[in-house]
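Reader: Could you walk me through this one? I'd like to start with the charged side chains and then look at a sheet.

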Amino acid sequence: TGTGCGWCPRGMIGMEKLRSQFGDDFVGVAIHQYNAGDAMYIAANAYAKIGFPGAPSCALDRRYITDPFYGEGDDIADDFLAELALPALADIEVEGIWNEDSTKVEATADVQAIIDGLGYRLEFILIADSLQGTGSSWNQSNYYYQYSASQLPSDLAEFGSGGANGKSSITGWVFNDVAISSSYVSGTNRAESLSNLSADEPSSVSYTLSLPTKQTLLKALRKDCIYVAALLID
């Protein structure tokens, strides 16, 4: 996604819908890589290469890439439910602890496999909610303003002509689920891998995540709205 992507409002609404419907079962990661002028831009070598064909796109559980609003049919929630039905082979507990000057987070993941011998790669991410700022780098492009609100699905009507955000550039939007840092450095994941896990004993991995240094983004961060997530990749 990205602020320069005029079709990305549907991705933003799709993620908000999953947050609302699924609560803690949903861990969203909005990867702002569409345009470098985006206040929330995260460099390509600072996150995993997932292979998105364009924006907006989403990957559910990294199993397949689809539309973040419609999914493979009419509703991304249907696709998400199908992913939730798949059994997990490990349990993971995640903790994040701030350093003294709140510039870094020590992230720890304790992984408990349900069968012996599994191997995983771990990736850590810092995710920020409630991001909002002023200036052009925060303005969200919107192509839906070209359509009447009555022509659009009810979830997207606010972006159509006559809707609350029915203009070509949206100011004051509050962005959620934004990836601001990860364990990828120079294109390589630096977090320790897990191999030959035991069902009897959890394995623990820690990694120190640094906050971004770009002042435009730093000023928008709220400490109580920053979260650490750990991804188990098979």
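**Salt bridges and a sheet**

Author: Asp-177 and Arg-19 form a salt bridge, with their closest N and O atoms 2.9 Å apart. A salt bridge here is a side-chain nitrogen of Lys or Arg within 4 Å of a carboxyl oxygen of Asp or Glu. This is a predicted model: local features need pLDDT of at least 70 and side-chain atom pairs count only at pLDDT 80 or more, while totals for chains, interfaces and linings use all residues. Residues are numbered from 1 along each chain as its sequence is written, and side-chain values use heavy atoms, with hydrogens and water left out.

Reader: Where do Asp-177 and Arg-19 sit in the chain?

Author: Asp-177 is in the loop between strand 7 (169-170) and strand 8 (178-182), and Arg-19 is in helix 1. The two are 158 residues apart, so the pair links distant parts of the chain. Helices (H or I, at least four residues) and strands (E, at least two) are DSSP runs, numbered from the N terminus.

Reader: Is Asp-177 buried or exposed? And Arg-19?

Author: Asp-177 is buried, at 6% relative accessible area, whereas Arg-19 is partly exposed at 27%. Buried means under 20%, exposed over 50%, and partly exposed in between (1.4 Å probe, protein chains only).

Reader: Which residues are in a network of salt bridges?

Author: Glu-16, Arg-19, Asp-129 and Asp-177 are linked that way.

Reader: How many salt bridges does the structure hold?

Author: Ten. One of them joins the side chains of Arg-10 and Asp-67, at 2.8 Å from N to O. Arg-10 is in helix 1 (residues 9-22) and Asp-67 is in the loop between strand 2 (64-66) and helix 2 (76-84), 57 residues apart. Arg-10 is buried, with 14% relative accessible area, and Asp-67 counts as buried at 15%.

Reader: What about Arg-222 and Asp-224?

Author: Their side chains meet in a salt bridge at 3.3 Å, N to O. Arg-222 is partly exposed at 41% relative accessibility, and Asp-224 is exposed at 54%.

Reader: How many bridges join strand 5 to strand 8?

Author: Four, and strand 5 covers residues 121-128. Leu-126 stands opposite Ser-181 in strand 8.

Methods: Two strands pair if DSSP finds at least two bridges between them.
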